[in-house]
Amino acid sequence: MEMIKVTIDNKVIEVEKGTSILDAAHSVGINIPTLCYLHLHDLNITNKPAGCRVCVVEVKGRRNLAPACVTECTPGMEVNTHNIRVLNSRKTVLELILSDHPTDCLICPKSGSCDLQTLAQEMGIRQIRYQGEQSKYREDTSPAIIRDVDKCIMCRRCEMMCNDVQTVGVLSAVNRGFMAVVAPAFERNLDHSECTYCGQCVAVCPTGALTEVDHTNNVIRALADPSKTVIVQTAPAVRAALGEEFGMEAGTLVTGKMAAALRRLGFDYVFDTDFAADLTIMEEGTELLDRIARHLGGDKTVKLPILTSCCPGWVNFFEHQFPDMIDIPSTARSPQQMFGSIAKTYFAEKLGIKRENMVVVSIMPCLAKKYECSRDEFKVDGNPDVDFAVSTRELAHLIKQANIDFNGLPDEDFDQPLGESTGASIIFGATGGVIEAATRTAYEVFTGKKLEKVDFEQLRGMEWIRRAEVDFDGTPIKIGIAHGLGNARKLLEEIRDGKADFHAIEIMACPGGCIGGGGQPLHHGDSSILKARTAAIYREDVGKPIRKSHENPFIQKLYEEFLGKPCSHKSHHLLHTHYFDRSNPVEIE
Amino acid sequence: MASINIKLNQEKLSQLQDICKEFNNEKGELINVLHKAQHLFGYLPAEVQEVIAHELKTSAAHVYGVVTFYSFFTMTPKGEHPISICMGTACYVRGAEKVLDEFKRILKVKVGETTPDGKFSLSCLRCVGACGLAPVVMVGEKVFGRVSPDGVKDIVEEYTK
């Protein structure tokens with residue numbers, strides 16, 4: 001670890017050899033502006049094509065300005081980050097980028113959270129001196145993501161996420177020069193590609209080129225319709241991040257305020273997706289134990305490992321890319337969908353209303369959920385179990401539009417009977433949480449013993465792929481966990497090659513799990529936000545009186561009154577599903 | 001691994017797979033593979049690109065990105081008689097643009113396109129070095145010199161007889 005001395009803005013500092021000028025400056029509080037650069041430190045995800053040239057600095061002895069993000073410090077280097085030459089160049093670069101950018105900030109969905117807009121403000125851009133032809137590309141709307149590439153600045157972050165992190169490979173830079181865009185193969189629309197709608201591209205896009213399909217108007221209309229009973233469910237990861245949209249520190253739990261806000265927005269019943277997560281554990285846990293029991297009993301036909309199936313991005317991924325393995329994931333539906341199914345049957349019955357008069361809205365950290373609720377198998381005679389999935393960001397907009405003072409709200413509880421949840425359900429929001437929740441229940445059912453310590457630290461953490469063993473009173477249960485689809489691919493290939501020695505695997509498409517979902521408040525490259533949200537999730541778990549799904553009294557009541565038992569005929573009909581081969585078949589003449 | 005929906009015949013498909021194998025199915029050899037594939041098929045339709053993507057274990061989007069970046073790679077088949085109009089300095093100054101416009105008008109195609117019957121495709125060339133004959137038009141390997149807008153229809157007729 002060789003240390004070298006460099007001078008930045010007349011400050012002499014010592015840095016490790018190989019450090020970029022950007023990082024060196026940052027270490028002493030000099031924050032050189034960037035645009036295409038992205039570094040999610042805790043996840044080791046980096047994008048530095050050095051394409052935008054916003055971060056240019058002057059280096060003594062070098063003829064041209066250097067891009068700070070990729071230029072390494074050398075011994076004795078002298079750098080100036082904001083003399084007049086640098087400032088003029090940066091402004092020119094920005095003006096050139098803006099010269100081919102739509103100026104509809106006032107109505108752009110990214111207004112207020114756009115990196116380009118913020119940079120233009122900070123750099124004091126007051127005119128765009130370069131006028132010329134403007135890119136005109138068609139807008140591409142899919143069930144979850146909207147591509148408006150007129151606003152694309154070719155930063156390549158989306159391409160990096162899709163190809164290198166998620167390994168879905170939908171996006172690439174195509175054409176050249178003025179005509180260059182980032183697009184799917186053959187410039188088809190997203191809904192004709194292998195896009196999983198994981199939304200990680202949306203999560204990192206610095207402009208309004210990639211945004212989510214907005215359902216806020218649909219929700220407002222439903223709320224205003226007197227003939228509809230509108231109920232809402234909220235995912236675990238939302239409560240750990242919603243506060244950020246109202247100026248709170250990342251990792252502030254706002255469960256109570258969230259319920260209060262939803263009530264004030266006019267929802268008839270404010271329920272919790274976590275309730276359905278406990279339900280998912282009952283169904284999936286039973287399935288897991290059944291497969292393990294048959295395996296231990298010598299049944300060679302049983303498929304192990306069982307894979308979790310609550311993540312629609314992940315379901316899309318294996319339907320498109322590993323269709324030969326669609327019989328190994330769990331058949332359990334996701335909590336969002338289980339909730340909708342129960343709401344429009346069990347709860348509608350209790351209220352004495354028809355399912356067509358109930359509107360189920362879900363608040364999700366996820367964009368793939370928008371696609372999931374539109375899948376035909378989750379509808380009954382054309383009426384969807386979940387009508388609209390709305391992201392955390394959209395909920396924040398709804399609350400602001402209704403001029404509700406979020407920060408001043410009291411903490412309120414969810415309604416019953418679909419609002420009670422355990423600590424096991426809340427940890428669904430973090431990578432490792434689903435399988436830990438399943439373990440808490442599976443342990444007690446398998447061993448017949450009480451679980452004293454419910455925390456399984458070996459299942460937690462941010463490492464991309466984790467392998468752990470849980471001792472079920474003498475029987476070692478092998479568990480694999482992956483987050484980020486690229487890591488899911490690695491585990492799937494292990495299974496395919498017969499090298500996987502697991503009983504169960506949990507997969508989450510988004511880095512960090514749902515807390516890092518495509519619908520969450522934007523992190524703008526600060527991965528410490530993801531860590532803070534994860535910590536909040538586990539804090540809420542500890543604070544719950546009941547921490548095992550099977551001990552949820554309302555879940556027990558649901559089975560007693562309505563479902564019978566897990567994996568019963570009725571449970572199968574309402575709470576389980578099957579998968580489809582969505583790859584393109586070979587046809588050779 | 002996604003399977004591919006293709007309308008290629010088995011023989012051509014095997015030849016394409018052999019080309020990929022020749023380069024050890026290495027992702028880094030994409031451009032070399034594309035050159036050979038274009039030589040084999042005359043152009044690079046979507047189906048061929050999808051097969052190459054599958055063989056080289058990369059995404060179709062990536063292959064498409066490379067194909068669209070280099071002007072040599074084409075996704076439309078070239079016509080039976082490829083027409084190239086030289087746009088070098090001498091030809092340009094002697095009215096090459098007017099000649100090009102006349103070709104566009106008669107053939108009813110834009111630059112880079114092929115006529116629906118597959119007979120002619122239109123493209124522009126940089127200097128061919130026959131400046132004494134400006135404006136120059138090449139049809140296949142044949143060079144036409146001192147082409148005037150009026151003479152365009154005669155050239156086209158020569159190939160439609």
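Reader: In S3(B), which residue is the bridge partner of Ser84(B)?

Author: Let us begin with the general idea. Strands of a sheet pair through backbone hydrogen bonds, either parallel or antiparallel. In this predicted model, the bridge partner of Ser84(B) in S3(B) is Met138(B). The strands concerned are S1(B) and strand S3 (residues 137-139) of chain B, which run antiparallel and are joined by 3 bridges.

Reader: How many bridges join strand S1 of chain B to strand S2 of chain B, and do they run parallel or antiparallel?

Author: Strand S1 (residues 81-86) of chain B is joined to strand S2 (residues 120-125) of chain B by 6 bridges, and the two run parallel. Within S2(B), Cys124(B) stands opposite Ile85(B).

Reader: In what order do the strands S14, S13, S16 and S19 of chain A form an open sheet?

Author: The 4 strands follow the order S14-S13-S16-S19 in chain A, and their pairing is parallel. Strand S14 (269-270) and strand S19 (388-391) of chain A stand at the edges; each has a single partner strand, so one side of each has no neighbour in the sheet. Strand S16 (residues 358-364) of chain A pairs with S19(A) in the parallel sense over 4 bridges. Opposite Ile363(A) stands Val390(A) in S19(A).

Reader: Which helix lies across S13, S16 and S19 of chain A?

Author: That is helix H6 (residues 216-224) of chain A, which lies across strand S13 (229-234), S16 and S19.

Reader: Let us turn to pairs of helices. At what angle do helix H8 and helix H10 of chain A pack?

Author: The angle between two helices describes how they are set against each other. Helix H8 (residues 273-296) and helix H10 (residues 335-351) of chain A pack at about 100 degrees, their axes being 8 Å apart. H8(A) and H10(A) are therefore roughly perpendicular to each other. On the H8(A) side, the contact includes Thr273(A), Ala276(A) and Leu279(A), while Phe339(A) and Ile342(A) are among the residues of H10(A) that they meet. By class, the residues of this contact are 7 nonpolar, 3 polar and no charged.

Reader: Are H3(B) and H4(B) roughly perpendicular or oblique to each other?

Author: Helix H3 (residues 46-55) and helix H4 (residues 60-69) of chain B pack at an angle of about 120 degrees, with 8 Å between their axes. They are therefore oblique to each other. The crossing of H3(B) past H4(B) is right-handed. Gln49(B), Glu50(B), Ile52(B) and Ala53(B) of H3(B) meet Ala60(B), Val63(B), Tyr64(B) and Val67(B) of H4(B). This contact has 6 nonpolar, 1 polar and 1 charged residues.

Reader: Finally, into which domains is chain A divided?

Author: A domain may be made of one stretch of the chain or of several. Chain A is divided into domain 1 (3-99), domain 2 (140-212), domain 3 (223-275 + 335-419) and domain 4 (278-333 + 422-553). The centres of domain 1 and domain 2 of chain A, taken over C-alpha atoms, are separated by 27 Å. Their contact takes 9 residues from domain 1 and 9 residues from domain 2. The side of domain 1 of chain A that touches domain 2 has 7 nonpolar, 2 polar and no charged residues.

Reader: What does the domain assignment of chain B give?

Author: For chain B, the assignment gives domain 1 (10-69) and domain 2 (81-160). Taken over C-alpha atoms, the centres of these domains of chain B are separated by 31 Å.

Notes
Residues are numbered from 1 along each chain as its sequence is written. Chains are lettered from A and ligands numbered from 1 in the order in which they are written. This is a predicted model: local features need pLDDT of at least 70, side-chain atom pairs count only at pLDDT 80 or more; totals for chains, interfaces and linings use all residues. Axes are lines fitted to C-alpha atoms, for helices over the stretch in contact, and angles run from 0 to 180 degrees between N-to-C directions. Angles under 35 degrees count as roughly parallel, over 145 as roughly antiparallel, 65 to 115 as roughly perpendicular and the rest as oblique. Two residues are in contact if their C-beta atoms, placed from the backbone, lie within 7 Å. Ala, Val, Leu, Ile, Met, Phe, Trp, Tyr, Cys and Pro count as nonpolar, Asp, Glu, Lys and Arg as charged, and the others, Gly among them, as polar. Domain bounds come from an automatic or database domain assignment. Two strands pair if DSSP finds at least two bridges between them. A crossing is left-handed if the near helix is turned anticlockwise from the far one by less than a right angle, and right-handed if clockwise.
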